[in-house]
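Please work through the exercises below with the sequence and the coordinates open beside you. Each one sets a task and is followed by a solution in steps.

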Amino acid sequence: MAIDKSMNVLIVDDYKTMLRIIRNLLKQIEFNNVEEASDGADALSKLRGGNFGLVISDWNMAPMTGLQLLQEVRADNRLKSTPFIMITAESKTENVIAAKAAGVSNYIVKPFNAETLKDKIEKVLGHA
Amino acid sequence: MLDSPNDPHPIGIDALKQKLAAIRNQQPQIEPGMITEVVRAVLTTISDDLTAKESSLLREVEELGQMIANTKSEIAALRVDDITDHDIPFATDELDAIVEHTAHATDAILESCEMLDEVSATVSGDAAAKLQAATTKIYEACSFQDITGQRITKVVNTLKTIEGKVAHIVSTFGATAAGARDAADHVATDADLLNGPQLPAHAMDQSDIDKLLADF
């Protein structure tokens, strides 16, 4: 299934450096329509006000965590089917289980490489 | 207080003195020196008995008091307050500075890398591919700043916990109002899942995560 790389992608992280890194890596795999949010609440506001084909979010943020953002997205009728990839340093089993239970589409553990990011995006959007 | 069911001398000292005084009144011909001698001997015996029963406890109490006094002096000599007033704030400031400096450095690296990306767009073929491969590796490597930042945050939180416990110890030995700070440490919330980066020896890698996800 061909992936529409012109879709809007929302990346969420409270580390500006990480936003910059992910944006550049996405650019290298030809996703150029990338918007940024610095925490869960900011992301939710942008998601409700826009049209995004993919969310890539960190977990460890305040005041709204990535997990809470995911739960909000899955509870929202308009947003609930939006593919959601968690990119996080949280690599404990309990974290992965909690994210899966909340409806995460895929899970990337930091530090990650460009190939992993590309692979997970293709898997998620290929099934979307 | 001095008499007990097992006491071989059930009469108190005052009562004994009264009885001896009564005997002296009834028998005035007895030499006062003899009475004094007898009384002294009896009192010495009583005193010896009481000491034998209570001296161990009294000695322990005395030793405990001395130990507390010594510990207070030692804590004062260590200037434990310095840990909360100076050492820990200093350490956390240093760690914050590390995060700030690495963030600046990372931004500078990323800026240069973005410039290389722009250049790579103007060339083609093998040169462009090599440039992009190089910049990709730089982007990947720069994520260290996020990981180290989260690790440092964990260290700072640990230092703050130590600071709280030290303050609690100081306040306890200073006989001030007892705190109940520990109770606040055990509020179960969503934050319990914010474990942060795991040490490499204990961390799951991407393949472990993939296997775990596939189990659902």
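**Exercise 1: cysteines in chain B**

The sulfur of Cys142(B) has its closest cysteine sulfur in Cys113(B), at 6.8 Å, which is too far for a bond. The model is a predicted one, in which local features need pLDDT of at least 70 and side-chain atom pairs count only at pLDDT 80 or more, while totals for chains, interfaces and linings use all residues. Residues are numbered from 1 along each chain as its sequence is written, chains are lettered from A and ligands numbered from 1 in the order in which they are written, and side-chain values use heavy atoms, with hydrogens and water left out.

Task: determine how many disulfides there are over all chains, and decide whether Cys113(B) is buried or exposed.

Solution. Step one is the criterion, under which a disulfide is a pair of cysteine sulfur atoms within 2.5 Å. Seen from Cys113(B), the closest cysteine sulfur is that of Cys142(B), 6.8 Å away and too far for a bond. By this rule the count over all chains is zero. Step two is accessibility, where buried means under 20% relative accessible area, exposed over 50% and partly exposed in between, with a 1.4 Å probe and protein chains only. Cys113(B), at 1%, is buried, and Cys142(B), at 3%, is buried as well. Step three brings in Lys137(B) of helix α4 (residues 125–142) of chain B, which is exposed at 60%. Lys137(B) lies 24 residues from Cys113(B) in sequence and 10.0 Å from it in space, C-alpha to C-alpha.

**Exercise 2: the sheet of chain A**

Task: state in what order the five strands of the open sheet in chain A are arranged, and which strands stand at the edges.

Solution. Step one: the order is β2-β1-β3-β4-β5, with parallel pairing, where strands are DSSP runs of E with at least two residues, helices are runs of H or I with at least four, and both are numbered from the N terminus. Step two: β2 (34–37) and β5 (106–109) of chain A are the edge strands, and each has a single partner strand, so one side of each is left without a neighbour in the sheet. From one strand to the next, the twist averages 20 degrees. Step three: β4 (residues 84–88) of chain A and β5(A) pair in the parallel sense over four bridges, pairing being assigned if DSSP finds at least two bridges between two strands. Within this pair, Ile85(A) has Asn106(A) as its bridge partner.

**Exercise 3: two helices of chain A**

Task: find at what angle the axes of α2(A) and α3(A) cross, and which residues meet.

Solution. Step one: the axes of α2 (residues 40–49) of chain A and α3(A) come within 9 Å and cross at roughly 25 degrees, the axes being lines fitted to C-alpha atoms, for helices over the stretch in contact, with angles from 0 to 180 degrees between N-to-C directions. Step two: the two helices are therefore roughly parallel to each other, a label for angles under 35 degrees. Step three: Gly40(A), Ala43(A), Leu44(A), Leu47(A) and Arg48(A) of α2(A) meet Leu69(A), Glu72(A) and Val73(A) of α3(A), contact meaning heavy atoms within 4.5 Å.

**Exercise 4: a loop residue of chain B**

Solution. Step one places Leu194(B) in the loop between α5 (144–173) and α6 (206–214) of chain B. Step three: Leu194(B) is partly exposed, at 28% relative accessible area.

Terms used
Parallel < 35°, antiparallel > 145°, perpendicular 65-115°, else oblique.
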